[in-house]
Amino acid sequence: MSMSVLTVMQVTVIFILYTILTCCLPFWLLNNRLRGFRLSVKLMLSYVFGNFYLINLVLILQLLHISNPVTLVLGTVVPLFYAKSRLDHWESLKRLKKTWETLKKALKKQLGVKSLMIRIFQWIYNHIRYFVKKCWGAVRRNPLDVLLFSAFTVIVAVMYGKNLISTFGYCTSDIPVHNYWINYMSRGKVFVAGVYPFGFHCVIYYLHAVFRLPTFVLLRVFCFVQTMYIHWMLLIVLKACLRSRYLCYGAAGFYVGSSIFGGSTYLRFFNSLPQEFGMIFILPSIYFGFAFFQHRKEELRQQKQPRRRKKITLSVWCLFGFAMSFGLTLVGHFYDTIIAGLFCVAMAIAFFFRFFTKKYFGRVLLTVFASVAIAVLPMAVAFVTGTPLEGSLNWAMGVISGPSEEEAQEDAQEDAQMSDGQSGDMDVSAGDALATGTAGDSQVTADGQNGTGAASLAEGADGTEPESVRPAPVPLTKRLVRIANEIHHVIRQYVFSGDFRYIQPSVYISMALLVVLSLIYFLLRKPDYAARLLSVSIYMGLLCILIASQNLGLPPLMDSSRTSIYFAYGLPLLWGFAADAVLALFFGWFKRTWILNGVSLAAVALTAGLTVRADLVRTPRVITALETNGAITCLTNIIRENDPWTWTICSPNDELRMGEDYGYHYETIDFLRKLEFRGKHADLTIPTPYIYFFIEKIPLDYYGTYEGSGQSISKEGAKRDLPGGSGLPLYYTENRWILMSRMYYWAQAYQRIYPNEMQVYYESDNFICYRLKQNPANLFDLGIDYGYNNVADAAQ
Amino acid sequence: MLSRRQFFTISLIMLVLFFLFQVTGVLKEQWNQYDKNKYAETAHTDLSAEEKYRVSKDVRNLSPEYILLIGDEKKPGVGTMTKAWCEYTQRDLVCYPSLEEADWDSLPKPRFLVVDSGFVDYNKETEVLTDLSRQGISMIISGLPDVLSVSYNAPLRDLLGIYSIRQSEVELEGIELYDGFLLGGRTIYQAETKEEEEQQDLELKIPWYEVRSGTKSYMVGLVDKEPYGGEEELKNESLPAIIWRNSFSDFESDIFVVNGDYMETVTALGILSAALYETQDYALYPVVNAQNFVMANFAGLTSEEDAVMQQLYSRSQKAVFQDILWPSISSVFSMSGHKPTVFLSPKLDYESREEPDRDKLIYYMKLFNENEIENGLSLCQSSQGTLPHKLETDELFYRSVIKDYQFLSLYVDRDHEEDYQKIRDARVLQQVRTVFMADQDTEAPIGYLRKNVTLQRATTEGFVHNYSDNLQLKGLETCLGYSAILVDLGRIVMPEDLEEDVWEKRSEDLARFTITYWSPFSAFDMTTLSESDQRIRRFYGIRYDQRKKNDTILLNMDEFEEEAYFILRLHNQQVTGVEGGSAREIEDHAYLITCEKEQVKITLKEDIAPYYY
């Protein structure tokens, strides 16, 4: 079976399982309670609830040290069933009892197996039929919506799926670190490297523990699932906020399908990373904020009329949704919380006329505090019980508490490198390299999580040093012009692709337009809609400041490259709202909504047509991984065909964490160093029956390029001295070429001695894997004179 | 009261039942052709010694895979074993008494240079051997010089792959043979019980050589690790090496070292075949495929030893055989799956006047026929009478009862091996096609005695199975797929030690050894001596060539007669199909190929073909 097919199957299974867990089951539970919301909002709320519950369940069980497949399943099924029974007046319990009676009959042989099977199949058939009927009904009622939604999904799948079936390895060096943290959750050690937002890790761990899916497979393919949800959330929020029916598809579709954005705005979507996971929940939190103000107003108006009050009103649900979403951004990644926080600030400003009133302020503030408290509580518990903060959090805390940047960054860098010997938590991203390469900046960006990003980018796009001496006072207009120039320059550099920078003014125009339109809508007594427009405009304005914060001399909360992701993600909102506001202004006054909807559909068609016509369609990217496809193929096969703990992989570093639950790992550098100056009796043995040696025939450019990038391993490389030092830099650039060359010639020499034991297990154009089969009762000494290890036999 | 009709019906049913019960017995009795040897027809072949491969010694006309021996091919031990192996594997053999005498310029590169260390002066000739290894000549070195010589001879240590000499002599606790070398799997020859201590007869005092990287150990000594710092300090890789290989990858030569006298016995056959396999991608060679179980001195027809039998078993000799020995033995061979060959002894003492019991002969012959057991002639006797007289007496007796029975096999015990040469042309022995002799571990186990008579030797005794026997068994199975258990009942009927030679003890040993030690070789066929004879003739007569292309091995045979057997040993492949025959797995990567046509195509698949690509 090809790895591509396997990957597609894995993605499908993981997507279905994750969707069932986080979307379908909560929807099944809450559907009746959420009457009053449209379907898309119901699904969004269910999804947020599902993730919130799942993550907190894992965290609680982990902190109690009782997390295992049984407790996880019980913790999922029992409360779910109990809650469902409570909500449907114990109907579910009765059904369960009835099922149990049937099973008892079958066990007592009062009911035949055949009859039981017929009943089971009948039940399944009825439910499928019901589901299909419902779906078909929805399709018939909203054919265009279904069509456009499907088209949008296909575009996202193509844009982010092609890489998945072409590149099997991790695309950033961060992922092995997360792999390591998740592996240790299986061993009952949450926060193994220190306290860190573990939302993403909890979800991956849950899927791994309950469904026995290998963690490395989840980390390989979960990016597709989360990217799909990121885009679906954008679509759903647009759909729920815009007045026209179809414009959301145009805005979201243009965002995902057009080539105007620079690589740095979307290349991280090719990786399963916490930040992108947390990103899913930014827009839901904003939507629930918008919806709260709207529903609360209606509820307050209704309160004046004598009517029975519901226990949990729509506005309360919205506050729940907001609290959970905001909390999830916090347990996902702090950057997401910063962005969500900025949007909340924008929302507070735009909804000032309600937010600062008695009936809103208290509730909103309480919700924010509650959401932060719930999200932070597990981390706080771990911290109080003695688990230190993870390196990147130290940096974050430093920024908040205000020590000098350089000092904090140095600390974070040191901590990050010490936190894991294998990769040091440095984010070496092939995607980023590509992206920043396009933008004409450094080809490697460092991970903001460990604080190394700020320094490399602090110099600014034009290479100017941050000013240490306070400049002479300049007039306000000049300063504003300078600020505008800085912002313009940074956006130009990071957000838009080189050929499409002419689109950049449309951002400012849209922002200005939204401000104007919001005023018009305020005047037209559409305060909710107007405030939404204003929120988006203010939010984008704040993002403009954030993205250029380093250049403006502000505290660097986030590096520009990272901010560009959120900036681009905000643009469909900006453009969508602007277009919708204009259309609604002209066509929204008609009583027949089909006119507005028809025009919006035409606008979508026009957008699509112009995108194609102007050759703005993005080509699906295939990015270079930090591991060869061959390595992943071999690892998958090795795990499949061997018993656990009967094999060892000798390779640079990634497989250490990938195969940690199944076999052993030996680092290439350790292996080669042990062979140095030894020959006839190196006493180097590895005590497993099978040893696999991963060798890149064309070594990867792990940390950017160098003069000889792309060259094959060679005798010339093998003749060079082994690189000194430790950690990940040993596998960078030329060092990797030397190590791989040495390994290759060792393997060749060893194969000549043991032709029947040492075999080529897998070979491709750029990768080769050797397998050594040995007698575990009498291990082979792997130390031989392979011609390049300066054997000092004479001395012996 | 019964009606007539009921009475008639009941009587009829009883009659039918009576008939059904009786008819099987009657038919079995009537159709039992015990007086004919069915193997005379089924195991017949016209192949004779003329079809045997002639091992050439002419250096001008050598096969490319010839063997060069530094030693004496006639000297029992390494020489005879190497010669026998060359015969079995159809290779030419060139022999020189010393390295000096070998004409290296005229000799092509041999497949192996077998060095009998007794014929080499390592102090002077190590350099020659090193030069030969650098010319790409692989060697099998039998025995090593004394430890002092090795310690002072660094080039020799380098050649042999010895990294250090830890101790000049070490007392081993046992010996471990790793799997993948000789057939039969991993075996630890370490005595832990009293019975096992009796089985331990391997050489346990050896010099402790530690081998270096680039070597592969096949057999090592086991020592008590505690005095050396326990498991942590003394790794398995440092245990005293006994059989190992040192590879010179730059010169494509391998040096196999056998530290001990294992090349002096039939174990050498297996070591040579295994060495061949280890140095190749695969090994495919013909084998006999015959596992024999022979009972000699089956003296259940007379009462000559009644006194002893009464003393030991409170029964007559005939009763002991019929009631004690036969049921016990038949349960052993039915459990192990063997097809026995029985050498009846109508009389033991040919000077006594007691006549053998004809009825008992008929009784046993019927039993034998039912159990597919073959009967043969035997030269054994307890009296000092002449062999012609014994044979004539036996013939007269047999002809009076089973006149048409063809005796195809003859048992010659150790005492009469020389006498047999004198009477081999006797009229009585004209029908004999195979001669079975007692085991002799320095002699070839099978061969031709005469143009039309094969020799089969016992490979082990039924009541004794020492560790060296087991090692030899593995060697024989690896090379030939042949074994023959000799159960000499003379020890029971004429006990030398009244305490030890009692059936209670002996039957236990027989069952234990036969069932346990042959189970790894269950893929091989169980045969009678006549069937085995037929297979030996075919084994000798066959000419074959083979070639491997990708995942297919093509085997072409000349002089093919009905069936031929080969052992196929692979390293990292498995047999997936055989056209023109069939394959049976002996153990991992070892198959018994049964060829039914002259051309056989064996298809293979890689062990490690990744599932995902």
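This is a predicted model: local features need pLDDT of at least 70, side-chain atom pairs count only at pLDDT 80 or more; totals for chains, interfaces and linings use all residues.
Turning now to chain B by itself, the domain assignment gives domain 1 (1-31), domain 2 (62-281), domain 3 (290-536) and domain 4 (542-606). The centres of domain 3 and domain 4 of chain B, taken over C-alpha atoms, are separated by 34 Å, and the contact between these domains takes 4 residues from domain 3 of chain B and 7 residues from domain 4 of chain B. On the side of domain 3 of chain B that touches domain 4 of chain B, 3 residues are nonpolar and 1 is polar, while no charged residues are found there.

The next step is to look at helices. Two packed helices are described by the angle between their axes and the distance between the axes. In chain B, helix α3 (residues 78-89) and helix α9 (residues 267-278) have axes that come within 9 Å and cross at roughly 55°, and α3(B) and α9(B) are therefore oblique to each other. The crossing in which α3(B) passes α9(B) is right-handed. From α3(B), the contact is made by Val78(B), Met81(B), Ala84(B) and Trp85(B), and from α9(B) by Ala268(B), Leu269(B) and Leu272(B). By class, this contact has 7 nonpolar residues, with no polar and no charged ones.

Helix α9(B) also packs with helix α15 (residues 467-479) of chain B, at an angle of about 50° and with the axes 7 Å apart. These two helices, α9(B) and α15(B), are therefore oblique to each other, and α9(B) passes α15(B) in a left-handed crossing. On the α9(B) side, the residues making the contact are Thr267(B), Ala268(B), Leu269(B), Gly270(B), Ile271(B), Ser273(B) and Ala274(B), and these meet Leu471(B), Gln472(B), Lys474(B), Gly475(B), Leu476(B), Thr478(B) and Cys479(B) of α15(B). The residues of the contact of α9(B) with α15(B) divide by class into 7 nonpolar, 6 polar and 1 charged.

Note on methods
Residues are numbered from 1 along each chain as its sequence is written. Chains are lettered from A and ligands numbered from 1 in the order in which they are written. Axes are lines fitted to C-alpha atoms, for helices over the stretch in contact, and angles run from 0 to 180 degrees between N-to-C directions. Helices (H or I, at least four residues) and strands (E, at least two) are DSSP runs, numbered from the N terminus. Angles under 35 degrees count as roughly parallel, over 145 as roughly antiparallel, 65 to 115 as roughly perpendicular and the rest as oblique. A crossing is left-handed if the near helix is turned anticlockwise from the far one by less than a right angle, and right-handed if clockwise. Two residues are in contact if their C-beta atoms, placed from the backbone, lie within 7 Å. Ala, Val, Leu, Ile, Met, Phe, Trp, Tyr, Cys and Pro count as nonpolar, Asp, Glu, Lys and Arg as charged, and the others, Gly among them, as polar. Domain bounds come from an automatic or database domain assignment.
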